[in-house]
Amino acid sequence: MTTAAPTRTILSERVVSNRRFAILQFQPATGALTTWSAPALAELAEALWTLDASSVDAVIFHGTGRVFGAGADLDEFRTSARWEDGAAIATRGYDIFDAITRLKVPTVAVIQGPALGGALELALRADYRAAAASVKALGLPEVSLGLIPGWGGLTSLARLIGPTRTKHIAVTNSLNGKHLTAAAALEEGIVDVVLDDEDLLEAALQWTNDVLDNVSPVRNHAKETGAGSAVEHSRDTVPAAAAVTDLLARWQQQERAAGVPEGQSCDRTSVRLATGEDPIRDDTITTFATLLQSNESRASIYAFDILQEARKNNRARNDLELANVGVVGGGLMAVQLALVFAEHTTANVLINDLDQERVDKALERVTAQLDRSVHRGRLTAERRDEIRGRIHGTVRLEDFYPCDIVIEAVFEQLEVKRQVWSTLERIVAPDTLLLTNTSALSIDDQATGLQHPGRLIGFHFFNPVAVLPLIEIVQGVNTSSTTVEKAFALARALGKTPVLVQDRPGFVVNRLLTRLFSEVLQLIDDGSDPFTVDHALDPVGLPMTPLRLLQFIGPRVQLHICESLHDAYPERFPLSRSLSRVAQEGLPGYLADDGSIVPEASRLLPAAKSAAADDVRARILSAMADEAAHMLREGVVTGPEQIDLCMILGANYPAHTGGLTPLLDRETGSSFRPDLHPVVPTRG
């Protein structure tokens with residue numbers, strides 16, 4: 001989100017215990033967030049130039065909006081067309097924040113709300129940081145946008161907590177979408193004190209006064225934390241992650257050259273920069289400007305935008321009220337569905353299976369999962385008991401008569417599902433919403449013979465249900481608009497992101513992944529070296545190799561999906577001989593833990609011959625580009641943005657690839673997102 005008008009910086013003074021404090025308060029436009037656009041930075045610069053540091057004892061930086069700062073203005077990133085544009089963005093912020101570092105009096109950042117990206121970089125330029133106890137988000141998320149912190153945040157943080165922990169926060173946390181709470185930041189040594197939210201500024205002024213009196217001790221976090229433990233491995237396929245590692249290594253070399261002992265960092269006084277050259281400044285600006293023009297950054301910002309739009313839509317008001325939910329099936333997926341309904345609504349949830357033994361087993365799994373959540377600290381014991389008290393079991397479908405919603409998670413066989421719906425239609429009310437969690441079967445085929453087919457809709461969760469946020473809302477020909485609206489409201493109530501998909505084989509995620517599997521398995525069945533084929537996509541940074549993903553899904557489940565898509569599109573989805581055998585013999589997959597092919601699967605394959613990884617990668621990605629083009633022509637979704645949203649949220653495709661279609665454009669020459677094609681930088 002960007003501000004409608006510049007964030008103002010208001011300079012005032014306060015006297016506490018005969019000490020004079022200059023206070024710079026950040027005031028965003030009404031209803032907006034504090035965002036560090038070029039005009040906002042100019043406001044800050046003017047306030048710093050106006051400030052007479054010789055007349056005060058300390059300088060306080062304080063936010064007054066909902067956030068301390070939401071980072072830089074991404075609109076400036078989006079419109080940056082030249083290397084020089086990125087260099088100007090980095091130079092402007094770096095040099096203005098540098099003026100904070102150069103102030104000749106103690107400085108304190110009073111963080112009243114989330115401080116992300118550029119906002120945290122600003123706070124890190126101060127000598128001390130006081131955070132409100134309620135603050136839930138402190139971090140440097142730039143790597144998730146294909147960038148590095150461009151305004152000095154990396155080295156500022158490394159001086160406090162060492163390069164290892166800095167890398168963890170700037171790379172690992174960023175790529176995983178994690179932020180620090182105020183308490184965690186205190187533990188890390190990033191903030192110096194956590195204060196109550198009430199009268200935060202007054203408390204921070206008194207704390208600062210005590211620090212100046214040496215009454216409130218401040219831990220030397222740099223000496224405690226030092227260089228940290230063994231260096232974590234970043235995702236080498238993310239250029240920004242590699243750039244963070246490289247920049248921190250250069251900074252360490254300069255620290256050693258300056259005589260700072262290894263395992264320590266500069267103390268607070270020596271953090272202040274000399275008036276001479278700052279080589280890291282130039283490295284930071286150059287790296288930021290180069291990355292901003294990269295494919296990965298453009299794709300990452302695009303992914304950020306479509307995810308933000310989806311989250312905004314998820315905040316739409318819904319008045320859905322549920323009293324009773326029925327889950328048909330008692331297997332692992334059914335248990336996950338029962339839990340997500342019970343945790344996110346106040347409804348009673350009824351699990352059904354064919355006999356009491358299976359029902360009891362399902363309820364045991366429910367209890368075990370809830371106990372694990374308590375053990376991990378995700379639930380309190382009281383909350384566990386409340387949720388468990390609303391989940392029940394039955395062997396009688398007739399007990400579903402009061403249900404507002406019924407969702408099935410039975411065997412993926414059309415006749416089985418038709419039988420379920422035929423029986424339930426005679427039991428539940430005419431307006432009961434019927435949801436199928438099918439991964440591939442047609443909604444229209446399931447609705448055949450129903451008196452009220454308009455209330456049946458696909459509601460496709462992804463495994464694990466508690467983790468993956470996507471739900472494919474699959475609309476059949478007869479599905480009513482009211483049913484679609486209810487399904488969207490329900491998905492949002494469950495904390496999920498819904499995407500509307502038309503009723504076509506495999507929908508979105510499974511169709512694209514199955515095209516990938518078809519190519520991979522055909523190559524292996526034809527004798528290409530399995531290891532080469534399985535790892536051909538490693539350079540593009542997908543979350544796991546194809547054979548590892550197949551193992552996670554399960555050979556029998558994937559074979560069924562493959563067969564469904566083969567029936568619909570036999571020329572593009574050939575059946576794999578080896579997958580059929582692996583499934584028939586009950587093998588868990590092709591791979592051992594170390595990534596090698598297990599002997600039981602190896603004997604089902606022909607003698608391996610060498611294969612060029614680049615050729616394999618090109619073939620697989622070209623096939624996926626072909627399938628995505630078919631899907632768009634068929635109107636499965638309205639545009640490539642929906643494909644990318646599905647692949648990010650349902651298949652964990654990383655943001656730096658933009659999901660799928662920007663990756664395909666780069667690798668295959670397709671044109672799903674021509675607006676993301678790379679520009680030609682004039683330098684870098």
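Trainee: Is F573 buried or exposed?
Mentor: This is a predicted model, and its relative accessible area for F573 comes to 1%. The cut-off for burial is under 20%. With a value of 1%, F573 is therefore buried.

Trainee: Which residue has its charged end over the ring of Y569?
Mentor: The charge over its ring is 4.5 Å from the ring centre. It belongs to R572.

Trainee: How many aromatic pairs are there in the whole structure, and what kind is the one between F459 and F461?
Mentor: The search of the whole structure gives 7 aromatic pairs. For F459 and F461, the centres are 5.3 Å apart and the planes stand at 75 degrees. An angle over 60 degrees sets the class, so this pair is edge-to-face.

Trainee: What are the relative accessibilities of F461 and F459?
Mentor: Both residues fall under the 20% cut-off for burial. F461 counts as buried at 2%. F459 is also buried, and its value is 0%.

Trainee: Where is F461 in the chain, and which residues does it contact beyond its neighbours within four places in sequence?
Mentor: F461 sits in the loop that links β14 (456-460) to β15 (470-475). Its C-alpha atom is 8.4 Å from that of S439, 22 residues away along the chain. Leaving aside the neighbours within four places, the contacts of F461 are L337, V340, F341, I407, N437, L470, I471, L494 and K496.

Trainee: Which strands stand at the edges of the open sheet of 8 strands?
Mentor: The strand order is β11-β10-β9-β12-β13-β14-β15-β16, with mixed pairing. The twist from one strand to the next averages 25 degrees. An edge strand has a single partner, so one of its sides is left without a neighbour in the sheet. The strands in that position are β11 (391-394) and β16 (497-502).

Trainee: Which residue in β13 is the bridge partner of E408?
Mentor: Strand β12 (residues 405-408) runs parallel to β13 (residues 433-436), and 4 bridges join them. In β13, the partner of E408 is T436.

Trainee: How are helices α3 and α4 oriented to each other?
Mentor: The axes of α3 (residues 83-101) and α4 (residues 118-125) come within 8 Å and cross at roughly 30 degrees. Angles under 35 degrees define the class, so α3 and α4 are roughly parallel.

Trainee: Which residue lies over the face of Y94?
Mentor: Y94, F97, D98, I100 and T101 in α3 meet G118, E121, L122 and R125 in α4. The residue over the face of Y94 is 4.9 Å from the ring centre, and its name is R125.

Trainee: How are α10 and α12 oriented to each other?
Mentor: Helix α10 (residues 239-257) packs on α12 (residues 279-292) with the axes 11 Å apart. Residues of α10 including L247 and W251 meet residues of α12, among them I280 and L291. The angle is about 170 degrees, and the cut-off is over 145. The two helices are therefore roughly antiparallel.

Notes:
Residues numbered from 1 in each chain as written. Predicted model: local features only at pLDDT ≥ 70, side-chain atom pairs only at ≥ 80, totals over all residues. Heavy atoms only, no water. Buried < 20%, exposed > 50% of the residue type's maximum accessible area, 1.4 Å probe, protein only. Contact = heavy atoms within 4.5 Å. Pairing = 2+ DSSP bridges. Axes fitted to C-alpha atoms, helices over the stretch in contact; angles between N-to-C directions. Phe/Tyr/Trp six-rings, centres within 6.5 Å; stacked < 30°, edge-to-face > 60°. Lys NZ or Arg CZ within 6 Å of the ring centre and 35° of its normal. Parallel < 35°, antiparallel > 145°, perpendicular 65-115°, else oblique.
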